[in-house]
Amino acid sequence: MAHVVAVYFDDGADRAVRALWRRLDQAGAGGERVMPPHVTFAMAKSIPRAARDALRHELRTLAIPNLWLSNLGTFPNTNNVLMLGAIVDAELLAVHSAVHDVLAGRVQSPHAYYLPGSWVPHCTLAMGVTHPQMVDGFAALHPVDRIEAGVDQVVIYDTQSGDTETIR
């Protein structure tokens, strides 16, 4: 079980990512998908109510920049992920740091991949694919057109129950 702090995209970006998903499915490289198109900002074993409320309050004052998704890549590990990486700039890193400043000391077992300094902002296109599927998927999508993703919602997603709480 884990709780995820993620941003969901505006309609245009959501449609563009889902179109990429269809291309991957047609190439036999779709893999697993458990959430709508998104970028994860934080993950922890548990994000209690007090941390959620503090994050909701902090997000009222933050301007979350559009995400520019353009870097087709992979995380070759036990989950083998094909992803579309976001261009990193100071604004995006500032929002990410602010989220983690609020969560620091308030969550149980934060996931190291999403902490400041380790985070690679990305939208997962396929997860749990084999090496040949990663190659086929990359070939099916390359070159990928850059997607400008406006943030429609910030959510906390429960990976066990599938419950989603909108916090902004």
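**Exercise 1. Strand β1 and its partner**

Task: In this predicted model, find how many bridges join β1 to β2, and in which sense the two strands run.

Solution. Step 1: Six bridges link β1 with β2, and the two strands run antiparallel. Step 2: As an example of facing residues, take Val 5, which stands opposite Ala 42 in β2. Step 3: β2 also pairs with β5, again antiparallel, through two bridges. Step 4: Here Ala 44 has Pro 110 in β5 as its bridge partner.

**Exercise 2. His 3**

Task: Decide whether His 3 is buried or exposed, and find which backbone nitrogen lies 2.8 Å from a polar atom of its side chain.

Solution. Step 1: His 3 is placed in strand β1. Step 2: Its relative accessibility is 6%, so His 3 counts as buried. Step 3: The nitrogen in question is that of Ile 47, 2.8 Å from a polar atom of the His 3 side chain. Step 4: Ile 47 is also among the residues that His 3 touches, when residues up to four places away in sequence are not counted. Others on that list include Ala 42, Arg 52, Tyr 157 and Asp 158.

**Exercise 3. Asp 158**

Task: Find where Asp 158 lies and which residues it touches, not counting residues up to four places away in sequence.

Solution. Step 1: Asp 158 belongs to strand β8 (residues 151-158). Step 2: With 14% relative accessibility, Asp 158 is counted as buried. Step 3: Under the stated condition, Asp 158 touches Met 1, Ala 2, His 3 and Asp 163. Step 4: Take Ala 2 from that list. Asp 158 and Ala 2 are 156 residues apart in sequence, yet their C-alpha atoms are 6.0 Å apart in space. Step 5: The Asp 158 side chain also reaches the backbone nitrogen of Gln 160, at 2.8 Å.

**Exercise 4. The cavity**

Task: Find how many cavities of 30 Å³ or more the structure holds, and which residues line the largest cavity.

Solution. Step 1: There is one cavity of 30 Å³ or more. Step 2: The largest cavity holds about 50 Å³ of space. Step 3: Its lining is made of Val 5, Ala 6, Val 7, Phe 41, Leu 59, Ile 64, Val 95, Val 99 and Val 154. Step 4: Two or more lining residues come from each of β1 (3-9) and α3 (90-103). Step 5: β1 gives the largest share, three residues. Step 6: Sorted by class, the lining has nine nonpolar residues, no polar ones and no charged ones.

**Exercise 5. Strand β4**

Task: Find which residues of β4 lie on each of its two faces and whether they are buried or exposed.

Solution. Step 1: In a regular strand, side chains alternate between the two faces of the sheet. Step 2: On one side of β4 are Val 81, Met 83 and Gly 85, and on the other are Leu 82, Leu 84 and Ala 86. Step 3: These residues are all buried, and both faces are covered. Step 4: β4 pairs with β3 in the antiparallel sense over six bridges; Asn 71 has Gly 85 in β4 as its bridge partner. Step 5: β4 also pairs with strand β6 (residues 122-127), antiparallel over five bridges, and Met 83 stands opposite Thr 124 there.

**Exercise 6. Backbone exceptions**

Task: Find what value phi takes at Asn 80 and at Ser 109, and which residues a cis peptide bond joins.

Solution. Step 1: Most residues other than glycine have a negative phi, and most peptide bonds are trans. Step 2: Asn 80 has a positive phi, near 35°. Asn 80 sits in the hairpin of β3 and β4, which has five residues between the strands, and is buried at a relative accessible area of 17%. Step 3: Ser 109 has a positive phi near 55°. Ser 109 lies in strand β5 (residues 108-110) and, at 46% relative accessibility, counts as partly exposed. Step 4: The cis peptide bond joins His 142 and Pro 143, with omega about -5°. Pro 143 lies in the loop between α4 (131-141) and β7 (147-149).

Key: Residues are numbered from 1 along each chain as its sequence is written. This is a predicted model: local features need pLDDT of at least 70, side-chain atom pairs count only at pLDDT 80 or more; totals for chains, interfaces and linings use all residues. Side-chain values use heavy atoms; hydrogens and water are left out. Helices (H or I, at least four residues) and strands (E, at least two) are DSSP runs, numbered from the N terminus. Buried means under 20% relative accessible area, exposed over 50%, partly exposed in between (1.4 Å probe, protein chains only). Contact means heavy atoms within 4.5 Å. A polar contact is a pair of N or O atoms within 3.5 Å; within protein, one must be able to donate a hydrogen and the other to accept it, and residues adjacent in sequence count only if both atoms are side-chain atoms. On a 1 Å grid over the protein atoms alone, a cavity is a set of points where a 1.4 Å probe fits but cannot get out, and a pocket is an open set with protein on both sides within 12 Å along at least five of seven lines; lining residues have an atom within 4 Å of a point. Grid points are joined across faces, edges and corners, and a volume is the space filled by probe spheres set on the points. Ala, Val, Leu, Ile, Met, Phe, Trp, Tyr, Cys and Pro count as nonpolar, Asp, Glu, Lys and Arg as charged, and the others, Gly among them, as polar. Two strands pair if DSSP finds at least two bridges between them.
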